[in-house]
Every structure is written in structure tokens, then in C-alpha cells.
Amino acid sequence: MVVTQVPLEQVVTLRDGSRALIRPIRADDKQALVDGLARLSSESRYRRFLRPVTSLNERELKYLTEIDYTNHFAWVAMAIDQPGEPGLGVARYIRDPLDPEVAEAAVAVVDDHQGKGVGSMLLRVLVAAAQENGIHTFRGWVLGDNVDILRPLERIGARRKPDHGVLRIEVDLDAVYDGSSIQEALRAVAAGEFEPEPGK
């Protein structure tokens, strides 16, 4: 059964003092994804998709927005104080059907909001959703020169292994995050308590 809307959201204050609304992605966010992709530099798009991407087709937009919130979950951050409330970032996981305790995870933040805490907040609530749905490990692929993501991942004990020209990264969620509920994680990011605690 596909859930059409998950009634969870939280207004947060970013490092620059601006506000964002964090909420699960919805089917009507297709245009926001299109607009957000256009606000990513070509380098940011390549780092996110590991290939040149300039647009998303209708099938891809449907796949990315019409999700079940269990095997496929995505959070978005929206700039609620700006006209039209443009998207600032997306964090999603997709469960591995062959290993249901593992999910591929990715986070993307538009260039002009990188470094403001958007990605860390989205990752925190993504982990909570994953843990509530029985996922214990995040897996992802990262370019070897992407130190902006590799350094924080290494600080939380991520394992990395060369894989066809990129690095495969795995993070044991239970070793880094406290297993809080989605509601607790949303309250934590609103309070500015969203960084993981290495070595927990």
C-alpha cells in the first residue's frame, strides 16, 4: 500500500538564521525537484548522481516522489520564508530488496545553501525513519575526491571500499545514532541537536 502523505514536519532554523520546513516528500513535489536540480551546479549534480544529469523525466519524477515511506523514504527541506517556498535539499533512502536491513542513501543540497546545516538535519531525520523501518546500515557511493562528504562520514566510522572507480561507503546507523523516533529526531533538529555522536 502506498501512503499518500505522512503528517510529520518541523520548522528549523539554519546556521545563517533563515528558516526551513523539513517534511516528507509528496507526490506534488515533482516541480520542486525539477527546480532544485536546476539550482545544483553541474559539479554538485555529478557528485550526487555520479554521472552528468541535466533533467529528470516523468518516470523518474514519479519514482522519486510517489513513494511508500517504508522501503523508500525521502525528506525535503523547503525555504518557507522565500516566495514560492523553494526546495533546499533532499535526503532519501531506498531499501536493498536483497538485504532488507540495508538501504542506499543519498543527500543533496542546493549550492547556495550548502554549509548551513541542511544536509546534516535531513540526514538525522532520514536515519530515524530508516531505523523505525528496520534499516541498520546505509550504503552509498562517493567520488574519491569529495572530501566535503568523506571527512564527516569518516568521523562517524563509515567504512569505505573502492568500487568501480568510486568509493562504496557503509555506515552502521545503530553505532552512531541513538535510535530515536522520527518525532524525537524532528524535535532534535529543531533544537539544533542533529550532529551524530561518534563512538556511541
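View 1. Buried here means under 20% relative accessible area with a 1.4 Å probe, protein chains only. That covers the whole of β3 (residues 72-78), with 7 of its 7 residues buried. Strands are DSSP runs (E, at least two residues) and helices are too (H or I, at least four), numbered from the N terminus. This is a predicted model, where local features need pLDDT of at least 70, side-chain atom pairs count only at pLDDT 80 or more, and totals for chains, interfaces and linings use all residues. Residues are numbered from 1 along each chain as its sequence is written, and side-chain values use heavy atoms, leaving out hydrogens and water.

**View 2. The neighbours of β3.** Two strands pair if DSSP finds at least two bridges between them. β3 pairs in the antiparallel sense with β2 (residues 19-24) over 4 bridges, and P24 stands opposite W75. With β4 (residues 87-96), the pairing is again antiparallel, over 7 bridges; here A74 sits opposite R92.

**View 3. The largest nonpolar core.** Such a core is a set of buried Ala, Val, Leu, Ile, Met, Phe, Trp, Tyr and Cys residues joined through side-chain atoms within 4.5 Å. Of its 56 residues, I22, W75, Y93 and F138 touch the most other members.

Conventions
Buried < 20%, exposed > 50% of the residue type's maximum accessible area, 1.4 Å probe, protein only.
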